[in-house]
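Work through the exercises below. Try each task before reading its solution.

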Amino acid sequence: NKQFTLKSRPHGAPTVDNFALQSIPLPELKQGEVLLRTIYLSLDPYMRGRMSDAKSYAEPVAIGEVMVGATVCQIEQSTNDKFAVGDWVLAYTGWQEYAISNGEGLMLLGKEPTNPSYALGIMGMPGFTAYMGLLDIGAPKAGETVVVAAATGPVGATVGQIAKLKGCKVVGVAGGSEKCQYAVEKLGFDACIDHHSDDFAKQLTDACDSGIDVYYENVGGKVFDAVLPLLNTAARVPLCGLVSQYNATSLPDGPDRMSMLMGQILAKRIKMQGFIIFDDYGHRYDEFATEMQKWLSEGKIQYREHLVDGFENTITAFNDMLSGKNFGKTVVQVNQP
Ligand code: NDP
């Protein structure tokens, strides 16, 4: 069983030296256990936080432990009545080719699910995050302007498309012209601005000619700097992620802008709220799943995966995702079904 364990804590972007690729023999199954064969491994921005021992909402991965992560697996052997050989399950077995489980926490996806990997993306954690953050905290109303960055990733693309379904004007922010073109042409956004452009802030201002009512925050940094002056009175800011900061080793230089930020929040009565999807909304997963399944089957939501072939490419794929070299939801094909 090949697995990536955490060897040391990254300083800045993770490197191959922070991980060990080891191969260990699989133990015999005990009664009630199943052997899981990983088909798809999800790579998500939150994993960068788990590599670090800074205090956060979840425990870090210990040095020497297998890196965590959601997976879609097939049952290879079973001594558990609830799971038969060949069944597909959603699991949380991390960066490894095989795992043994007593069945706890596994979600059955059936014998021949259509698009099993969707359980890691549009039908899973990222889709659920987009749905709850936008609708519960952002509370968009028809005719309002919604802005979202990382606009072609699994969270951002879903936020923008749901906002369109709710009758909003949607302006995306993405890295590069190909992604921006996709957001407008395939996802139906009204505009999408390339944050690599020199005049990014001006382009965003021009695109948001009625200001911004909902800013779904995925990235922070210079995108938030450009958004802040455009927020309308009573704007809502679901604070979902700050991916531009995840590899940062210190606070950014420069004048302290905290009092300016607080002044804006006060004067414009802005509501900014962080959330951690399963802690805050786990009890509403079924509501999301029913509605998203319907939208997908009606062709109202588009979904794009960035499938990386080969378990050995996991670390590169993870860094590519954090730095925007992905185009869609990053999933590693660990084994063939
Ligand atoms: P993505 O697959 O979209 O990957 C991250 C993207 O962020 C990159 O592809 C890149 O896109 C963009 N990015 C990276 N650096 C910068 C930068 N400096 N400025 C602007 N954009 C940048 O990720 P997800 O859709 O999986 O996640 C989106 C966000 O949602 C993350 O912040 C994540 O942590 C958060 N999240 C939060 C959850 C919660 O419970 N609060 C749950 C799930 C996700 P581009 O090339 O377009 O710039």
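Two residues are in contact if their C-beta atoms, placed from the backbone, lie within 7 Å. This is a predicted model: local features need pLDDT of at least 70, side-chain atom pairs count only at pLDDT 80 or more, and totals for chains, interfaces and linings use all residues. Numbering starts from 1 along each chain as its sequence is written.

**Exercise 1.** Find what share of contacts in the protein between residues at least 6 apart in sequence join residues at least 24 apart.

*Solution.* Take the contacts between residues at least 6 apart in sequence. Of these, 65% join residues at least 24 apart.

**Exercise 2.** Compare the radius of gyration of the protein with that of a compact globule.

*Solution.* Start with the rule: 2.2 Å times the number of residues to the power 0.38, with the radius taken over C-alpha atoms. Next, take the principal axes: the C-alpha trace spans about 65 × 45 × 35 Å along them.

**Exercise 3.** Is M258 buried or exposed?

*Solution.* Count other C-beta atoms, placed from the backbone, within 10 Å: 20 or more means buried, 12 or fewer exposed, and in between partly exposed. M258 has 8, so it is exposed.

**Exercise 4.** Explain why the ligand lies between two domains.

*Solution.* Domain bounds come from an automatic or database domain assignment. Domain 1 (2-121 + 304-333) and domain 2 (125-278) both give residues to the shell around the ligand, so the ligand lies between them.
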